Amino acid sequence: WAKARGVQVTAEVTPHHLLLTDALAETYDPVYKVNPPLRTDADVAALRAGLADGTIDAVATDHAPHAVEDKESEWAAARPGMLGLEQALSIVVQTMVEPGLLDWRGVADRMSVRPAAIGRLETHGRPLAVGEPANLLLLDPAHRATVDPAALASRSRNSPYAGRELPGRVVATFLRGVATVLDGKAVK
């Protein structure tokens, strides 16, 4: 409604809200306690449709690592939040690319171009050009792997994707022409 009237407003969705539903929260496993809470299958479908048609501008991870004691407690005492950064692209591939809701250009738009424009980061989200520093990501889309929280870069382990097989593997990333990830591992 606001965008149709020219109001300068943006919207984002998290990977976990594109994949997970409130049925998981019914288990009272604190790993699924997030704010805003997980929603119904119909809400998840609406979020996917909104991302696909551009109503939702960006995917933002809302990555919220917590100490074990903050998540391994009863539901009421647990802190809201979950890991999301390392699996963000895989979740978008599974929920948006594989079912044909977004193509790869759409993924780049929602995860790089639009977020950079919203944040007014002129040196990000741009097409590759001769003589310009490269900001890019190389992905193996055919790769599939099971998420093991112990193998994640985060020191936290509150991953809702533990044991879930996800598509895609980030092979390398470059920021201003400098490698930041090579062979799937952060460059130190």
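This is a predicted model: local features need pLDDT of at least 70, side-chain atom pairs count only at pLDDT 80 or more; totals for chains, interfaces and linings use all residues.
**Helix H3**

Helix H3 spans residues 41-53, a run of 13 residues. From its first C-alpha to its last it reaches 18 Å, close to the 18 Å expected at 1.5 Å a residue. Three of its residues, Val44, Gly50 and Leu51, are buried. These residues lie on the same side of H3, because they cover an arc of only 125° around the axis. In general, residues three or four places apart point the same way, since an α-helix has 3.6 residues a turn.

The buried residues of H3 pack against several elements: strands E1 (12-13) and E2 (58-59), together with helices H1 (15-19), H5 (88-97) and H6 (104-118). On the face turned away from the buried side, H3 carries the exposed residues Asp41, Ala42 and Asp53. Gly54 follows H3, and its phi is positive, near 90°.

**The aromatic pair**

A search of the whole structure finds 1 aromatic pair. The ring centres of Tyr28 and Trp75 are 5.7 Å apart and the planes stand at 85°; the pair is therefore edge-to-face, as the angle is over 60 degrees. Tyr28 and Trp75 are 47 residues apart, so the pair links distant parts of the chain. The two partners are set out below.

Note on methods: Residues are numbered from 1 along each chain as its sequence is written. Side-chain values use heavy atoms; hydrogens and water are left out. Helices (H or I, at least four residues) and strands (E, at least two) are DSSP runs, numbered from the N terminus. The expected span of a helix is 1.5 Å times one less than its number of residues. Buried means under 20% relative accessible area, exposed over 50%, partly exposed in between (1.4 Å probe, protein chains only). The arc is that of the directions from the helix axis to the C-beta atoms. Contact means heavy atoms within 4.5 Å. Rings of Phe, Tyr and Trp (its six-membered ring) pair if their centres lie within 6.5 Å; planes under 30 degrees apart count as stacked, over 60 as edge-to-face and the rest as tilted.
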